[in-house]
Amino acid sequence: MTAESPFRRVSEPARELLEEIRRWPIFDPHSHIDPHRPAARDLDEILGYHYYTELAHSAGMPAADVAPELPPRARVENLARRLATLDNTVQYSWLVEIARTFHGFEGDRIGPEDVPGLYDRALHDRDGAAWDEKVWRTTNLEAVFLTNDFDDPLEGWDVEKYVPCLRTDDLALKLHRPGTVERLKAATGVDVGDLEGLRAAIGALFERFVARGARACAVSLPPDFAPRPAAPKRAVTPIRRALRGLDLRPDEHDEIRATVFWMLAEFCADFGLPFDLMIGPVRDVYPAGVAGGRDLFDRRVSLYEYRALFNHFSGVTFPVSTLAPDAGAELVAYSWIFPNVLPMGHWWYSNVPAFIAADLKARIQAVPKVKLLGYYSDAYKLEFILPKFDMYRRVLAETLAGEAVVKQGWTVERALEVAKLALVDNPRRVFEKPSRAARAAI
Amino acid sequence: MTAESPFRRVSEPARELLEEIRRWPIFDPHSHIDPHRPAARDLDEILGYHYYTELAHSAGMPAADVAPELPPRARVENLARRLATLDNTVQYSWLVEIARTFHGFEGDRIGPEDVPGLYDRALHDRDGAAWDEKVWRTTNLEAVFLTNDFDDPLEGWDVEKYVPCLRTDDLALKLHRPGTVERLKAATGVDVGDLEGLRAAIGALFERFVARGARACAVSLPPDFAPRPAAPKRAVTPIRRALRGLDLRPDEHDEIRATVFWMLAEFCADFGLPFDLMIGPVRDVYPAGVAGGRDLFDRRVSLYEYRALFNHFSGVTFPVSTLAPDAGAELVAYSWIFPNVLPMGHWWYSNVPAFIAADLKARIQAVPKVKLLGYYSDAYKLEFILPKFDMYRRVLAETLAGEAVVKQGWTVERALEVAKLALVDNPRRVFEKPSRAARAAI
Amino acid sequence: MTAESPFRRVSEPARELLEEIRRWPIFDPHSHIDPHRPAARDLDEILGYHYYTELAHSAGMPAADVAPELPPRARVENLARRLATLDNTVQYSWLVEIARTFHGFEGDRIGPEDVPGLYDRALHDRDGAAWDEKVWRTTNLEAVFLTNDFDDPLEGWDVEKYVPCLRTDDLALKLHRPGTVERLKAATGVDVGDLEGLRAAIGALFERFVARGARACAVSLPPDFAPRPAAPKRAVTPIRRALRGLDLRPDEHDEIRATVFWMLAEFCADFGLPFDLMIGPVRDVYPAGVAGGRDLFDRRVSLYEYRALFNHFSGVTFPVSTLAPDAGAELVAYSWIFPNVLPMGHWWYSNVPAFIAADLKARIQAVPKVKLLGYYSDAYKLEFILPKFDMYRRVLAETLAGEAVVKQGWTVERALEVAKLALVDNPRRVFEKPSRAARAAI
C-alpha cells in the first residue's frame with residue numbers, strides 16, 4: 001500500500017468512519033494563510049515551511065542553506081538533499097501527500113532527483129488565482145481563519161472564506177517595542193499617549209475588525225504569564241512609559257502585559273468574540289535556528305494561573321491550545337469544569353499523532369461533545385490544510401473506532417455525531433459572526 | 001452490540017479475563033456513601049451526582065437549573081434536557097449502565113423522553129432498606145469504605161459492610177474555621193485550647209474510630225502542601241490562635257497544617273491505620289460552578305515534597321492517589337522504591353479510561369504486584385459502584401490481555417493472579433482491621 | 001507460548017521486523033560494566049542488581065536480607081523467597097530471560113525451589129574469562145560503553161569492546177567532598193589548588209581518557225541544576241575553598257557546580273567528545289533503602305534550563321536522557337529544534353515498556369531519524385544487556401509495525417532503515433573515535 005491512500009490499513013469501523021468524515025467540508029479556525037497569496041506559488045513556498053527547514057537544520061543542514069537571499073530553486077535543492085534524514089517524520093508525510101495530491105507525484109519518498117520535475121509542476125507564478133481556487137476546491141474548504149496583525153487593512157479578499165482574526169501578541173507582549181505605538185496610531189488615528197488613549201485605540205481596532213468580519217481574537221502567551229485583573233492605577237505610569245519608548249523595569253513589563261491582556265479580554269466580552277489562547281511558547285530559545293524554528297517552551301505551566309481570567313470573563317469563550325504535550329491532560333480537566341474553556345486542536349509540538357491520539361482519547365471520554373474544537377491547520381499555505389487535517393481525521397477515526405465503536409459498542413452513526421461536532425458544527429457555532437445582541441450591548 | 005454487555009467487543013483473552021474478574025466480590029476502599037441512605041432513593045440522587053451537573057453546566061446549563069431548592073423532579077428534567085450534550089463521556093456511560101442494570105432501561109441513550117418512566121422506576125422512598133440490599137447484592141459488594149467526618153457518631157450500621165474511615169481534611173486544613181474547634185470539643189469532651197489539648201482530642205478521635213471499626217485515615221491535600229516534621233515549639237502559638245478563632249498570617253496557617261498533618265501521621269503509626277493521601281486538589285477554583293464541580297488542580301506537583309513523610313513514618317502504609325493525570329508516572333516510581341507507598345486507584349480527573357490505561361500499564365510493569373491497590377469507586381450512592389468498577393475491570397482485563405498475555409506470553413491464570421491481588425487480596429490485606437499488636441503498642 | 005521466545009504473539013509485520021532487528025549486533029552506548037569482571041560470576045551478581053533488591057525491599061523484604069556482609073548464597077536465597085511478590089514486573093522478565101538464555105532454565109517463573117540448581121549452573125568463579133566471552137558472543141555484542149571514574153587507570157582491557165567513558169559527577173557535583181581533590185591530584189599529577197589548577201587537571205584527564213580510547217563524557221544532573229556560562233571571577237574563591245575542603249554556602253556550591261560543568265563542556269568541545277546528559281535524579285531520597293535503590297526524582301524539570309548550554313556549545317553533541325517519564329515529550333521537542341540535542345535511550349524509571357512505547361512513538365514521528373539514539377543497557381553485568389535490548393527491540397518492532405507499516409503504509413524495509421539507524425548506525429557515528437581534526441584543534 002502506498003502513501004497515496006489516506007485510508008491505509010485501518011480497522012473496518014475506522015475505515016467506515018474515515019470515509020464519511022473525509023466527505024465533510026473543512027472548517028479551519030486557525031491558520032497563517034496570506035489571503036492575497038493563499039496557495040504556494042512554487043515548491044520553495046512548500047519546502048520553506050519551518051517544519052522542513054528546522055528539521056533539516058536539526059539534522060545537520062546549515063541555516064545558510066535556506067537563507068532568504070538565495071534563489072528559491074537553490075533553497076529547494078539544498079533542502080531536498082536533506083530530506084532523507086527526516087523521512088520518518090509526520091511532517092515529511094504531509095509533504096509527500098501534497099506532492100501526490102497537488103503535483104502529480106507518484107512515489108513514496110521525495111529526494112533530490114525529484115526536484116526538477118516537482119519544481120516545474122509546482123510552479124504557479126502565472127496562474128496564481130486559479131491555483132488558489134483549485135487547491136481550495138480539492139481541499140473542500142469551507143472557511144479558513146487568518147492571523148491578522150492589528151494594523152492589517154483587511155481589504156481585498158472574501159472574508160467569508162478567509163476569515164479575519166485579530167492577533168494581539170504585539171499589543172499584549174510588545175507594546176514597548178519600537179514601531180508598535182506608531183503602527184497603532186496609524187491604524188486607528190488615535191493619538192495614543194496614555195492608558196485611556198490605548199483603550200480607545202484598541203477599541204477602534206476591535207470595531208474595525210468586527211466590521212470587516214473578524215470572528216476571533218487570538219494571542220500566544222509565554223509560560224511565565226499569569227493573567228490577573230488589571231489594576232489601572234498601577235498601570236498608568238508603566239503604560240505611559242512604554243508608549244513613549246522609555247526603558248522599563250521587569251515589574252513594569254509585567255504590569256503592562258497584564259493590563260493590556262485584560263483589556264483585550266474586556267473587548268472580546270464587549271464584541272462577543274471568542275479569545276483563542278495559545279499557551280506556552282517561549283520565543284527565540286535557539287536564536288541560531290532557521291526562521292520559524294527558534295521557539296520552544298518550558299513544560300512547567302499550569303492552567304491554574306488562568307483561573308482569574310476564566311472566572312471573571314464568564315461570557316467570553318476561550319478556545320485553548322497548549323504547547324507542551326504533557327499539559328494536555330490538564331486542559332481536559334479545565335474544559336470539563338469551566339463552561340467557557342474549550343480544548344482546541346493540537347498545536348505545533350503537540351501536533352504529532354502520538355500526542356494527538358493520547359489527548360483526543362481523553363477529550364472524547366471526558367469533555368462534553370458540544371465543546372470539542374477538533375483541529376486547525378496552523379498552515380501558511382493552503383496546500384498544507386489537507387494533509388494536516390487528514391492526519392487528524394485518521395487519528396480521530398481510529399480513536400472513535402477503537403474506544404467507542406469497539407470498546408463501548410457504539411454504532412458508527414453515534415461515533416460520527418461526535419466527529420461532526422468536533423470538526424464542523426462546533427467550530428461553525430463557536431466562531432459564528434458576532435451576534436447583533438452582543439454588538440448592541442456595547 | 002448494546003451498552004448492556006459489559007464485555008462489548010474485546011479480544012479473546014480480554015474476554016476470558018473479564019468474565020472471571022467480574023465474578024469476584026467488590027472491595028471498595030474509598031467512597032462517600034452515606035451508610036444511613038446508601039442507595040439512591042430517586043433519580044435525582046443519581047443525576048445529581050456532580051459529574052452530571054458539572055458536565056451539563058460546562059456544556060451550557062445554568063447552575064440554577066439544578067439548585068437545591070428546586071423539586072427533585074424538576075432538577076432531573078432540567079438535567080435530562082442536557083444529557084445529549086455529554087453523551088460521549090465515560091460518566092454518561094455509567095448512567096446508562098445504572099439505568100439498564102437497576103431500572104430496567106433498555107435503550108442505549110437516555111433523553112428527556114425517558115425521564116417519566118425512569119423516574120418512576122427509580123423511586124425507592126418507601127422501600128429504601130430493601131433497595132439498598134438489592135443494589136448491594138447485585139453489585140456483589142463485600143465492603144465499602146466510608147468517608148466520615150471526625151465528629152460522626154459512627155452508629156447505626158454494620159461496620160463490616162460500611163467500613164468507617166476517618167477523614168481529616170477539617171483538622172489538617174480547616175482548624176481555624178468557625179465550628180471546627182466546637183465540633184472537636186463536642187466529639188471528644190476534651191477542652192481543646194492548645195497544642196497538647198489538640199493532641200489529646202485527636203487521640204480520642206482515633207480511639208473512638210478504631211473502636212468503631214475504622215480501618216483507614218484519609219486526607220486530601222492541595223498542591224502547595226509539603227509535609228515536614230513538626231516543630232512543636234514553633235507551632236504552639238499559631239495553634240492556640242487558630243483554636244481561639246483569631247486571624248492568622250499565611251506562615252501561621254502553614255505551620256498549623258504541617259503540625260496537625262504530622263500529628264495525624266503519628267496517630268496512624270500508633271493505631272496501625274493506613275493513611276490515604278489524596279494529593280492535588282485546589283478547592284473552589286471555579287466558585288460559580290455547581291456544587292461539587294468547583295475544584296481543580298495545579299499540575300505542578302511532585303511526590304518529592306513527601307519524602308520526609310515517607311521516610312519518617314516507615315511503619316505507616318500510605319495508599320496514594322494523585323489528581324493530575326500527568327503525575328501518575330511519578331507515583332509509579334515512588335511506589336517502586338518506598339515500601340510504604342502504594343498506588344491506589346484512579347482518582348477523579350484521572351478516572352477516565354485513557355488515563356487509567358496509561359497508568360495501569362506502567363503500574364503493572366513496574367510496581368510489585370502485592371502493592372497494587374486497583375480501584376475505588378469514590379461514589380456517593382451504591383448504584384455507581386458497579387459501573388465504575390466495571391469500567392476499571394474492562395481496562396484491567398484489556399491491559400493484562402494486551403501487555404501480559406499477548407506480548408509477554410503469560411497464561412490467563414497468571415494474569416488473573418495479578419488482577420486478584422489488585423482488586424481483592426491487596427485491599428483486604430492493607431485495610432484489614434488494625435492488629436492487636438499495633439493497638440497494644442500504643 | 002512461553003517466555004522463551006522473544007517474539008511471543010506479535011503482529012505479522014512486527015514479527016518480521018523483530019526477526020531482522022535481532023540479527024544486528026548490539027552497540028551499547030551506556031553501561032556500568034566492570035571491564036575486569038564483565039559477566040556475573042555467580043547468581044548473587046545477577047539477583048544483586050538493584051532492581052531486584054529494591055523491588056523486593058519495596059514489597060516487604062528487610063534491607064538486611066541482602067546486606068553486603070552476608071554470604072552470596074544467603075543473599076540469593078533471601079531474595080528468591082521474595083520474587084513471587086514482583087513477578088509481574090518487567091525487571092523480573094529480564095531475570096527469567098537471563099536464566100533461560102544463559103543458565104539452561106526452562107520454567108516461566110523462578111522461585112526459591114529453583115535456587116539450588118540455578119546457583120550451581122550460574123557459578124563461574126573458575127571460568128570467568130571464558131564465560132565473559134560466551135555471554136559476549138551470545139549477546140552478539142559489538143561494543144559496550146563503560147562509566148569510568150575520572151581516576152580509573154583505564155588499563156587491562158580491550159577498549160574497542162569495552163569503550164571508556166569519562167563519568168564526571170564527582171567533579172561537577174562533589175568537588176568539595178573529602179577525597180575528590182586528592183584523587184584528582186593523584187590521577188593527574190597536577191597540584192590542584194585553584195581554578196586554573198583545576199582546569200589544568202581536568203584537561204589532563206581528558207587527554208588521558210581520549211588517548212585511552214574514551215568516546216564520551218557523561219554526567220547525571222539533579223533537577224535543580226541549571227547550566228549557565230561560567231563567571232570565572234566569581235568562581236575563583238568558592239573553587240579555592242572547595243579544593244581546600246572548607247565549608248561552603250549554598251550559593252558557593254551552586255557557583256562551583258556551574259563552573260565545573262561549563263568547563264567540562266568546554267573540554268568536550270575541545271576534544272570532540274559527545275557529552276551525555278542524564279537529567280533528573282535526586283540522590284538518597286530514601287536513605288533507608290537498599291544500595292542503588294535510594295534515588296528518585298522531582299518531576300518538575302524542564303530542558304528550558306539547558307538553553308544556554310545548547311546554544312553556547314553548538315559544536316558539542318549532547319545525547320540526552322531524562323529520568324521523569326512525563327518529561328519525555330519535551331525532549332522530543334528540544335531534539336527536533338536543537339541540532340546538538342539527541343534523545344538517547346530510555347532511562348531507569350522511564351525504562352518500562354509503557355513509557356518506552358509512548359516516548360518512542362513520538363520520537364519516531366517528530367525527530368529526524370539520523371538523530372535517534374535508540375537504547376542503552378545501563379547494565380552492571382553483561383547478562384542484562386540481551387534481555388534489556390530485547391525488551392526495547394520488541395517495543396521498537398511493535399511501534400514501527402503499528403504506526404509506520406500498518407498506519408502509514410510503509411514497507412518493512414523502510415521501517416528497518418529507521419530501526420537500523422536508531423540501534424546501530426547512529427550510535428556508531430555519534431560515538432565514533434574523536435576525529436583527528438577535533439584533536440588537532442586543541
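Let's start at one spot where two chains meet: B:Lys369 makes a salt bridge with C:Asp87, and their closest N and O atoms sit 2.7 Å apart. A salt bridge here is a side-chain nitrogen of Lys or Arg within 4 Å of a carboxyl oxygen of Asp or Glu. This is a predicted model, where local features need pLDDT of at least 70, side-chain atom pairs count only at pLDDT 80 or more, and totals for chains, interfaces and linings use all residues. Residues are numbered from 1 along each chain as its sequence is written, chains are lettered from A and ligands numbered from 1 in the order in which they are written, and side-chain values use heavy atoms, with hydrogens and water left out.

**Where chain C meets chain B**

- Chain C puts 41 residues in contact with 39 residues of chain B, contact meaning heavy atoms within 4.5 Å.
- Together the two chains bury about 3,600 Å², with 56% of that on carbon and sulfur atoms; buried area is the accessible area (1.4 Å probe) that two parts lose on being put together, summed over both.
- There are five salt bridges between chain C and chain B.
- Polar contacts link 22 residue pairs between chain C and chain B, both residues being at pLDDT 80 or more. A polar contact is a pair of N or O atoms within 3.5 Å; within protein, one must be able to donate a hydrogen and the other to accept it, and residues adjacent in sequence count only if both atoms are side-chain atoms.
- On the side of chain C that touches chain B, at least two residues each come from α3 (50–58), α5 (90–102), β8 (296–297) and α15 (353–366) of chain C. Helices (H or I, at least four residues) and strands (E, at least two) are DSSP runs, numbered from the N terminus.
- α3(C) supplies the largest share of that side, five residues.
- By type, that side of chain C divides into 21 nonpolar, eight polar and twelve charged residues. Ala, Val, Leu, Ile, Met, Phe, Trp, Tyr, Cys and Pro count as nonpolar, Asp, Glu, Lys and Arg as charged, and the others, Gly among them, as polar.

**Where chain A meets chain C**

- Here 41 residues of chain A are in contact with 39 residues of chain C.
- The area buried between chain A and chain C is about 3,600 Å², and carbon and sulfur atoms give 56% of it.
- Five salt bridges are counted between chain A and chain C.
- C:Asp326 and A:Arg299 form a salt bridge, with their closest N and O atoms 2.5 Å apart.

**A sheet in chain C**

- Three strands of chain C make an open sheet in the order β1-β2-β3, with parallel pairing; two strands pair if DSSP finds at least two bridges between them.
- β1 (26–28) and β3 (162–163) of chain C are the edge strands, each pairing on one side only.
- Three bridges pair β1(C) with β2 (residues 141–145) of chain C in the parallel sense, and C:Phe27 stands opposite C:Ala143 in β2(C).
- Helix α7 (residues 128–139) of chain C lies across β1, β2 and β3 of chain C, at about 110° to β2(C). Axes are lines fitted to C-alpha atoms, for helices over the stretch in contact, and angles run from 0 to 180 degrees between N-to-C directions.

**A sheet in chain B**

- Chain B has an open sheet of three strands in the order β1-β2-β3, paired in parallel.
- β2 (residues 141–145) of chain B runs parallel to β3(B), joined by two bridges, and B:Phe145 has B:Val163 as its bridge partner in β3(B).
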